[in-house]
Amino acid sequence: MFTEIVTAAPELTATAQTVRAEGFLDLITVKSEEVKAAIESVTFVIVILMVVITAVKTKMSIAAILMSAIVGGVVLWLVNGGINVTKELTDDEFSMPAVVSTTTV
C-alpha cells in the first residue's frame, strides 16, 4: 500500500524533509531540538493564558496585568535561554586578563 502511495505522488516524497540520524547521539540531538521548539511554543501559550486569566480574575486591574506580563516575560526569557545569554556576556567580561599597573618609588 505504501509503495502505491509513493508511486502515485512522487512530488510529495521529494519535498518531504526527513532527518536521518546516523547514530544514537544524532537521534538524541534531533529529538532534543524538536522538543525544545515545542517547549518554547507551549510556554508562550501558557504565558498568554496566564496574563488573560489574571486580567479576568482581577477585573482588568492594570497593576495585576502589568505584573503578570512582566513575570511572563521573565519566564519566556528564561525558557528561551536567557541564562545562557547572560553567562556568555559575563564570560566575555571575566575572561579578559587582568590589567595590573605597578609603580615603584
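# Briefing: an all-helix predicted model

E34 is partly exposed, because its relative accessible area is 44%; that class lies between buried (under 20%) and exposed (over 50%), with a 1.4 Å probe and protein chains only. This is a predicted model, in which local features need pLDDT of at least 70, side-chain atom pairs count only at pLDDT 80 or more, and totals for chains, interfaces and linings use all residues. Residues are numbered from 1 along each chain as its sequence is written, and side-chain values use heavy atoms, with hydrogens and water left out. The protein chain holds five helices and zero strands. Helices (H or I, at least four residues) and strands (E, at least two) are DSSP runs, numbered from the N terminus.

**Whole chain**

- The order of elements from the N terminus is α-α-α-α-α.
- The protein chain has 105 residues, and 10% of them count as buried.
- Its accessible surface is about 9200 Å². Carbon and sulfur atoms account for 70% of that surface. Areas come from the Shrake-Rupley method with a 1.4 Å probe; for residues, only the protein chains shown count as cover.

**The salt bridge**

- One salt bridge turns up in a search of the whole structure. The term means a side-chain nitrogen of Lys or Arg within 4 Å of a carboxyl oxygen of Asp or Glu.
- The partners are E34 and K31, at 3.6 Å from N to O.
- Both residues sit in helix α3. They are three residues apart, about one turn of the helix.
- K31 is also partly exposed, because its relative accessible area is 45%.
- Side chains of opposite charge can pair when their charged atoms come close.

**Helix α3**

- α3 has 34 residues. From first C-alpha to last, α3 reaches 48 Å, close to the 50 Å expected at 1.5 Å a residue. The expected span is 1.5 Å times one less than the number of residues.
- T43, V47, V51, T54 and A55 are the buried residues of α3. α4 is part of what covers them.
- T43 lies in α3 and counts as buried because its relative accessibility is 13%.
- Leaving out residues up to four places away in sequence, T43 touches V75, L76 and V79. Contact means heavy atoms within 4.5 Å.

**Nonpolar surface patch**

- F44, V45, I48, L49, V52, I53 and V56 make up a nonpolar patch on the surface. Together they have about 640 Å² of accessible area.
- Patch members have over 30% relative accessible area and no salt bridge; nonpolar side chains (Val, Leu, Ile, Met, Phe, Trp, Tyr) are joined within 5 Å, like charges within 9 Å.
- L49 belongs to helix α3. L49 counts as partly exposed because its relative accessible area is 47%.

**The loop between α3 and α4**

- K59 is not a glycine.
- K59 lies in the loop between α3 and α4. K59 is exposed, because its relative accessibility is 74%.
- M60 is in the loop between α3 and α4. M60 has a positive phi of about 60°, although it is not a glycine.
- M60 is exposed, because its relative accessible area is 57%.
- Most residues other than glycine have a negative phi.

**Helix α4**

- α4 covers residues 62-79, which is 18 residues. At 1.5 Å a residue the helix should span 26 Å, and its end C-alpha atoms are 25 Å apart, which agrees.
- S68, G72 and L76 are buried in α4. Down the axis of α4, the buried residues fall within an arc of 75°, so they line one face of the helix. The arc is that of the directions from the helix axis to the C-beta atoms.
- α3 (24-57) is included in what covers these buried residues of α4.
- I62, A63, L66, M67 and I70 are exposed on the other side of α4.

**After α4**

- G81 follows α4, with a positive phi near 100°.
- I83 is in helix α5 (residues 82-94).
- I83 counts as exposed because its relative accessible area is 54%.
- Neighbours within four places in sequence aside, I83 is in contact with W77 and L78.
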